[in-house]
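User: I am new to this structure and would like to be walked through some of its packing, one question at a time.

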Amino acid sequence: MDARLVSTAGRCRGGCWNIAPERGLLIGRGADCDVTLPEASVSRQHCRLSSTPEGLHLEDLGSRNPALVNGVPMRRGTVRPGDELSIGSHQFLLVCEGLAAETASEKDDHGDDTLSWSESTPLSLELDSARDGIQARPGTVQDLAFLFDITRELGLCPDIVGLFQTLRHRMTERFDPITLWTMLAHGRGGLVSVPEESRETPPLALLLTCLKERRGMLAPGKAYRGNRKVRTFTMAAPISVGEQDLGVVALRTETPRAVYDEADLRLLVLLCQSLAPAVCAVESLEQLRRDNERLRARAGESLELIGRGTLIRDVRTRIAQSAPSNLNVLITGETGTGKELVARLVHTESALRSGPFVVVNCAAIPRDLFESEFFGYERGAFTGAQRRFDGLLVQAHGGTLFLDEIGELSLENQARILRAVEEGKFRRVGGNEEERVRVRIIAATNKDLRRALALGQFRNDLFHRLNGFEIHIPPLSERISDIPLLAEHFFSMAKNQAKRPLSGFAPETLVYLQNRPWRGNVRELRNWVLRAVALATSEWIHPDISIEQLPETALDVHAPLPAVSLAEMERRHIAAVLAQCGGNIKEAAKVLRLARSTLYAKIAEYDLK
């Protein structure tokens with residue numbers, strides 16, 4: 001019988017010795033032994049392993065501390081391949097080449113000497129049905145710390161590729177494998193390697209059995225490195241949650257580089273159990289993102305920047321350059337050019353894409369309420385503050401805060417947000433403690449801020465804090481060649497909502513759209529297409545459609561401003577919202593983004609009914 005003794009723990013871990021049929025294998029502390037174990041608890045000549053045609057035999061040579069076979073003291077007796085031999089602090093595994101699984105250069109399979117961790121006996125290593133299982137817990141404090149650290153890191157990964165890259169890096173540090181496979185379940189009985197293919201063919205038979213039976217498995221085997229035969233060890237553990245099989249992880253090493261044992265298999269299975277919820281959560285998050293994109297497209301929104309011209313390609317380049325950095329971004333361009341779309345693209349391509357994206361219309365928040373809305377307030381900070389309120393900064397923690405129409409902020413409010421924009425530090429209204437948030441600021445404006453700086457209408461220090469990276473979006477008048485693409489894009493989103501089947505635009509319609517002035521830019525073009533789809537009476541949309549009788553959507557920037565005060569404009573706006581909500585105070589307060597107590601005060605102040 002061609003048998004070997006493999007060291008799995010102790011100072012000689014990784015060593016491998018043949019058990020010669022003629023003289024056997026002498027183990028002890030003495031220098032004349034075949035396996036020398038320099039330890040006080042080991043006798044000079046401790047025991048001998050012999051290989052005969054009948055099997056393997058262990059003989060104690062008069063030691064004070066007999067060897068343990070599978071945890072049981074033995075002075076003399078027969079041992080079998082797969083048995084674990086403990087002498088002092090050293091542990092060994094008995095391996096018989098005749099029963100070893102073929103690996104590497106031969107067919108992958110697992111035989112009777114395969115160790116497995118089965119869920120039928122909860123989290124136990126089934127080495128022998130007659131012995132008790134090992135407890136499902138980390139074997140050392142170092143293993144516990146490893147599980148804690150890697151679980152924390154995996155929880156921060158935003159996508160499946162990043163998650164498996166982190167997993168591979170940490171497992172390489174801990175197990176030092178020659179080959180590592182991380183695979184996701186795909187369809188019925190299929191496995192897909194993530195994030196990249198290994199140079200060595202994976203042991204699919206072992207992996208599929210591991211996943212099907214939900215058992216962690218350790219399979220010894222052999223391989224040839226030139227003329228040298230080496231011992232290999234392949235570990236595999238399933239990734240599963242409830243009844244759902246998510247994937248499988250496998251590692252392979254060989255002697256004398258390393259040896260995998262029960263403790264390594266236990267740690268790998270525990271790691272995969274910790275990994276399973278993270279995989280499930282990330283896959284669910286990615287599915288939500290895809291569903292969100294479909295809903296946006298169905299609602300007429302899109303996170304795609306349409307256009308092939310040079311100017312729009314430059315915008316894409318600026319997005320790609322700015323997204324990975326932590327710098328604040330300033331987006332400039334005329335009304336309706338798509339500044340919020342660009343801001344969302346920067347957010348979705350940044351490291352904070354898993355965090356919230358909070359939109360703030362600086363022009364819509366009354367000057368006196370901006371501080372409390374932006375920073376939040378403590379309970380009792382002012383009349384009507386009946387509870388603590390988290391402001392927009394806190395709501396955007398861990399993500400992006402989009403400040404639209406930043407040029408409309410008053411100088412007083414510009415000064416208030418300076419420190420928050422630069423350092424993320426702020427203090428709630430009525431609060432005494434300074435708080436900190438991790439937020440990236442993206443600001444947008446249709447104004448010429450450099451001219452506003454010269455006129456003293458915008459603070460120079462705030463401008464430089466916001467302008468970490470500037471992206472200018474050209475008006476539609478400079479993107480004439482992109483108009484047909486945009487029109488077709490909006491048509492494809494809206495045609496399913498049409499009252500009758502539509503085929504598209506007549507050729508003369510696209511010519512008309514390219515020659516028509518678009519003062520409202522892409523937004524005006526989008527509204528034109530949506531109205532055309534809704535009102536079309538034939539299969540094709542023609543330029544003489546009756547929607548041209550509707551008033552233009554763009555405002556005349558040269559028209560005189562209304563001669564009314566800001567208070568009068570606020571009174572009219574509140575009255576209009578109340579009428580729109582049918583006098584429902586709760587609904588009107590939501591629309592106005594005011595506390596109900598504040599709305600009651602405004603109603604009394606302006607004598608509204």
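The questions and answers below concern helix packing and aromatic pairs in this predicted model.

User: Are helices α5 and α6 parallel, perpendicular or oblique to each other?
Analyst: Helix α5 covers residues 310-322 and helix α6 covers residues 339-348, and they pack with their axes 9 Å apart at an angle of about 40°. An angle under 35 degrees would count as roughly parallel, and 65 to 115 as roughly perpendicular. The angle of about 40° therefore makes α5 in relation to α6 oblique.

User: How many nonpolar, polar and charged residues does the contact of α5 with α6 have?
Analyst: From α5, the residues Val315, Ile319 and Ser322 meet Val342, Leu345 and Val346 of α6. By class, that contact comprises 5 nonpolar, 1 polar and no charged residues.

User: How far apart in sequence are the parts that the pair of Phe357 and Phe402 ties together?
Analyst: Among the 10 aromatic pairs found in the whole structure, Phe357 and Phe402 form a stacked one, with 6.0 Å centre to centre and 20° between the planes. Both Phe357 and Phe402 are buried. Because Phe357 lies in strand β21 and Phe402 in strand β24, the pair ties together parts whose separation in sequence is 45 residues.

Technical notes
Residues numbered from 1 in each chain as written. Predicted model: local features only at pLDDT ≥ 70, side-chain atom pairs only at ≥ 80, totals over all residues. Heavy atoms only, no water. Axes fitted to C-alpha atoms, helices over the stretch in contact; angles between N-to-C directions. Helix = DSSP H or I, 4+ residues; strand = E, 2+ residues; numbered from the N terminus. Parallel < 35°, antiparallel > 145°, perpendicular 65-115°, else oblique. Contact = heavy atoms within 4.5 Å. Nonpolar A, V, L, I, M, F, W, Y, C, P; charged D, E, K, R; others polar. Phe/Tyr/Trp six-rings, centres within 6.5 Å; stacked < 30°, edge-to-face > 60°. Buried < 20%, exposed > 50% of the residue type's maximum accessible area, 1.4 Å probe, protein only.
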